[in-house]
Amino acid sequence: MRTKTIKKNKINVVTLGCSKNIYDSEVLMGQLKANGKNVVHEDENDDGNIVVINTCGFIGKAKEESIDTILHYAQRKEAGEVDKVFVSGCLSERYKPDLEKEIPNVDQYFGTHDLPNLLKVLEADYKHELIGERLTTTPKHYAYLKIAEGCDRPCSFCAIPLMRGKHKSTPIEDIVTEATKLAEKGIKEIMLIAQDLTYYGLDIYKKRALADLLEALVKVDGIEWIRMHYAFPTGFPMDVLEVMKRESKVCNYLDIPLQHINTELLKSMKRGTTHEKTTALIHKFREVVPEMAIRTTLIVGYPGETEEMFQELKDWVEEMRFERLGAFEYSHEENTGAYVLEDDIPAEVKFKRVNEIMEVQSQISWELNQQKIGKTFKCLFDRKDGEYFYGRTEYDSPDVDNDVLVDAREHYIKIGEFIDVKIHEAGDYDLYGVPVKKQEKPLPLHQKRK
């Protein structure tokens, strides 16, 4: 009679969604490792016998990906290929009763604030003393640093408060401790993330304290770049700009999702601003920090968006010439303020509008990139892929922004190093260049403007 082989449990953590989820998975993995557990992140051989899926529940496509992933591992469990499947994160927080009913083969579902309970079922203890201890899953030279959880904003299209709860800032000293530990591991760039950076500090310091946090973080030895993601336009603390201008470690970069520009739609979205106020804010940014690269995201196809409203948005994008921009189709999410409105824009119209916005942005990006030819930029190199080393300037965040490509057949660059690169050629989104300390050779024309 064959007996079952006793094997040591290997926990495979699978992360879906945004950088906040990456951070949460890293904290979970740090806790598991501290408990002596064998833990991996998205194991390439997919051979973990215990699987934890950290899900996203933000919009339709993200929810579909999360559900497909849960079903995949539930089927693998059914086939005896894995022993246990646990689900955590935003989708599980938002739809736990439905998921338990529809996919009962999952061992247990956990929400966004259930880390101690998740650890308990994984036979691990939550260790309060592990501030800043996490297993980073990003390349060894950069990491995300979450400075707050949740959101107090009332945006009508957004389900994040349903999944993440109210805004809760992390104390400055805890964030500095975490940044220091990251620097000791070789991290050179930290990306500050939250649902709303603008609100940071109001709950615990009774004032907007993002500038104070930056002032503390620039003193951390080893950290060379500090990048800000996900600011909210209403109530933005302008003293942050002064720190950005004064401190070289703070990247001249700001990710500030603006969503739309039509005042009527902004009111329906409950964004607390207008066309005029938003435009004035962007002008102020550029007046105080002329070198700043502004990244924004826009929503098209929101209920009631007329052709005239969309044209206003399109014209405004052309006028503002954002350095970085993404556009998304509106997703009609239950239990949000906008759900009572009719989702009256056809899917094909939403798709067309996204493409029109991105076509405008592609031209703007190409024109801005042409101005970089002949200039030299400090770049941080993330990876080698094929015949190129891929790096970024301070104006670019990983995975979402432009890359600087250096020909690996002609030059060698150590990953995770800062190198000065002179730009020789530019496409819509990619720049091509050579390290300035080496003999410069013009690169062949890899990308032509269509």
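Which residues touch the most other members of the largest nonpolar core? I opened the predicted model to find out.

**Entry 1: the largest core**

I looked up the largest nonpolar core and found 65 residues in it. Ile147, Ile190, Leu192, Met228 and Phe285 touch the most other members.

**Entry 2: Ile190**

I picked Ile190 and left aside its neighbours within four places in sequence. Ile190 is in contact with Ala143, Leu145, Ala179 and Leu182, among others. Its list of contacts also includes Leu217, Ile223, Trp225, Ile226 and Arg227.

**Entry 3: another core**

I then noted a second, separate core of 18 residues. Among them are Phe377, Phe381, Ile413 and Ile423.

I turned to the UniProt record, an unreviewed entry. Its "binding site" annotation covers Cys18, Cys56 and Cys90. These residues are spread over 73 residues of sequence, yet they cluster in space. The largest C-alpha distance is 10.6 Å.

**Entry 4: Cys18 and Cys90**

Are Cys18 and Cys90 buried or partly exposed? I checked Cys18 first. Cys18 sits in the loop between strand S1 (10–15) and helix H1 (19–34). Cys18 counts as partly exposed because its relative accessibility is 32%.

Cys90 lies in helix H3, residues 90–102. Cys90 has a relative accessible area of 8%, so it is buried. I also listed its contacts, leaving aside neighbours within four places in sequence. Cys90 is in contact with Asn21, Thr55, Cys56, Gly57, Thr112, Met163 and Arg164.

Methods. Residues are numbered from 1 along each chain as its sequence is written. This is a predicted model: local features need pLDDT of at least 70, side-chain atom pairs count only at pLDDT 80 or more; totals for chains, interfaces and linings use all residues. Side-chain values use heavy atoms; hydrogens and water are left out. A nonpolar core is a set of buried Ala, Val, Leu, Ile, Met, Phe, Trp, Tyr and Cys residues joined through side-chain atoms within 4.5 Å. Buried means under 20% relative accessible area, exposed over 50%, partly exposed in between (1.4 Å probe, protein chains only). Contact means heavy atoms within 4.5 Å. UniProt positions are given in the numbering used here, feature names are shortened, and annotations may be inferred rather than shown by experiment. Helices (H or I, at least four residues) and strands (E, at least two) are DSSP runs, numbered from the N terminus.
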